[in-house]
Amino acid sequence: MRPLLLCLMLVLPCLAQAEKSVHVVKKIGDQKGPTLLLMGGIQGDEPGGFNTTNIFLTHYKILSGSVWVVPVLNKYSMLLNHRGVYGDLNRKFAYLSPNDPEYPLIQSIKHLITTPDVNAILHLHDGSGFYRPRYESALLNPRRWGNSFIIDQNALTHVNFGDLKDISLKTTQHINTHLLKPLHRYHIHNTHTARGDKEMEKALTYFAIKHDKPAFANEASKELSLAQRVYYHLLAVEGMLQELGIRYSKDFTLTPLAIYRLINDRTLQVTLNRNTTLPLYGLRDHLRFFPFPKNASIHQIPLDSQSYILGLLPRKNQVWLKYGNKLMTRFVPEYMPFDYSLKDIHIEIDNKTQQIALASIVNVKGSFKVLPKKGYRVNIIGFSRPNEGDKPNEVGVKVARRDLASRFSVDTSGRIYRVEVYKGNAFCGMVLVRFL
């Protein structure tokens with residue numbers, strides 16, 4: 001049996017329960033105005049779209065009007081880096097059997113699209129090659145979709161923002177004034193769906209058009225790096241916002257290098273189960289004997305982060321932490337009861353006592369010591385003093401970096417270690433200690 005097929009067999013039972021509705025994040029300006037619905041990740045192997053929505057959510061501010069963002073439409077396909085676990089989700093907007101596992105998800109997306117407050121829709125994709133209206137080469141021709149702006153028809157009558165062709169012309173002009181290379185030039189691709197394009201009749205944008213919702217799709221070429229794809233997607237988003245009259249600001253200069261740094265932001269963190277925080281970057285390939293709640297489904301475990309495209313993926317006897325398509329670490333779980341009765345502990349850090357909340361990461365220059373708390377015990381992973389073996393409760397002991405075995409560190413540089421707190425056999429949470 002091939003590895004991917006085995007993975008899908010293991011994951012599919014969770015998917016039918018997990019993906020029943022879309023997650024919408026609404027960015028609303030101080031002044032009233034139109035609402036753009038921005039969506040990415042309907043195909044899980046197109047990272048340009050969902051990395052764009054993620055950066056938009058974390059680094060853009062809406063000043064007037066609104067942008068409703070679906071960070072990723074097809075989360076578990078994204079986690080598997082698969083076009084569509086149950087088939088192509090973007091071909092299910094015409095007839096779909098209620099028995100299809102994604103039927104509830106499709107109904108949720110349709111409901112969102114047809115919400116009266118939504119004035120226009122922009123759907124982000126990654127496409128092959130570079131679209132050209134006439135054949136130029138195998139990479140540049142009408143059958144390619146990369147770097148094109150898609151509409152299903154020229155106009156919708158009696159609808160605000162219904163001049164699809166004019167909006168597309170102005171948006172592509174905006175993109176083309178900021179090209180990285182002439183090769184990347186954008187063109188409008190009008191599919192004229194109603195004339196008999198049977199595949200596009202099944203797509204999200206045509207469903208929107210049939211319900212009098214101006215809908216557009218932006219394709220960034222798969223020939224480009226991820227940062228370059230996001231660059232062109234964001235140019236398309238900014239062009240659309242300009243055409244809709246939605247004012248915005250952002251906290252960075254739009255360049256591929258800036259985008260690369262935002263995607264690979266070393267300050268990104270994730271909190272699991274509300275009691276454990278980890279850095280996203282620099283983690284070891286495997287984190288063994290990692291506390292996970294007993295009798296809890298993986299998709300029910302809460303993840304809190306600056307990022308909107310994180311997920312946990314069960315894989316054999318492991319749980320993978322994914323950031324979009326990227327594998328950040330593999331947990332080897334130790335399942336146990338959880339106890340949420342404790343909120344913080346006192347730690348003496350470099351000879352100064354501090355009250356530290358669980359799920360914190362603290363910096364230490366020299367040494368630390370966890371102070372006793374009645375009814376709770378502490379396990380410092382990797383700590384062992386010569387000739388004393390494993391200690392059942394490592395409180396009141398001053399610990400320096402030299403006292404910790406580097407192979408037990410959370411990170412590849414051997415600087416970050418787990419301080420786990422228990423009440424009896426139940427896990428209460430952890431603090432990460434990072435040596436400077």
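Of the 436 residues in this protein chain, 55% count as buried. Keep in mind, everyone, that we're looking at a predicted model. The chain exposes about 19600 Å², and carbon and sulfur atoms supply 48% of that area.

Now the overall layout. The C-alpha trace spans about 80 × 45 × 45 Å along its principal axes, and the chain holds eight helices and 26 strands.

Let's zoom in on helix 2, which covers residues 47-59. How does helix 2 sit against helix 8? Helix 8 runs over residues 256-263, and the two axes come within 11 Å, crossing at roughly 85°. That angle falls between 65 and 115 degrees, so helix 2 is roughly perpendicular to helix 8. By class, their contact has four nonpolar residues, two polar ones and no charged ones. On the helix 2 side we have Asn51, Ile55 and His59, and they meet Ile259, Leu262 and Ile263 of helix 8.

One more stop in helix 2, and that's Asn54. Is Asn54 buried or exposed? Its relative accessible area is 5%, and the cut-off is under 20%, so Asn54 counts as buried. And what does Asn54 touch, leaving out residues up to four places away in sequence? The partners are Ser307, Tyr308, Ile309 and Tyr323.

Definitions and conventions:
Residues numbered from 1 in each chain as written. Predicted model: local features only at pLDDT ≥ 70, side-chain atom pairs only at ≥ 80, totals over all residues. Heavy atoms only, no water. Helix = DSSP H or I, 4+ residues; strand = E, 2+ residues; numbered from the N terminus. Buried < 20%, exposed > 50% of the residue type's maximum accessible area, 1.4 Å probe, protein only. Contact = heavy atoms within 4.5 Å. Axes fitted to C-alpha atoms, helices over the stretch in contact; angles between N-to-C directions. Parallel < 35°, antiparallel > 145°, perpendicular 65-115°, else oblique. Nonpolar A, V, L, I, M, F, W, Y, C, P; charged D, E, K, R; others polar. Areas by Shrake-Rupley, 256 points an atom, 1.4 Å probe, with all protein chains shown as cover.
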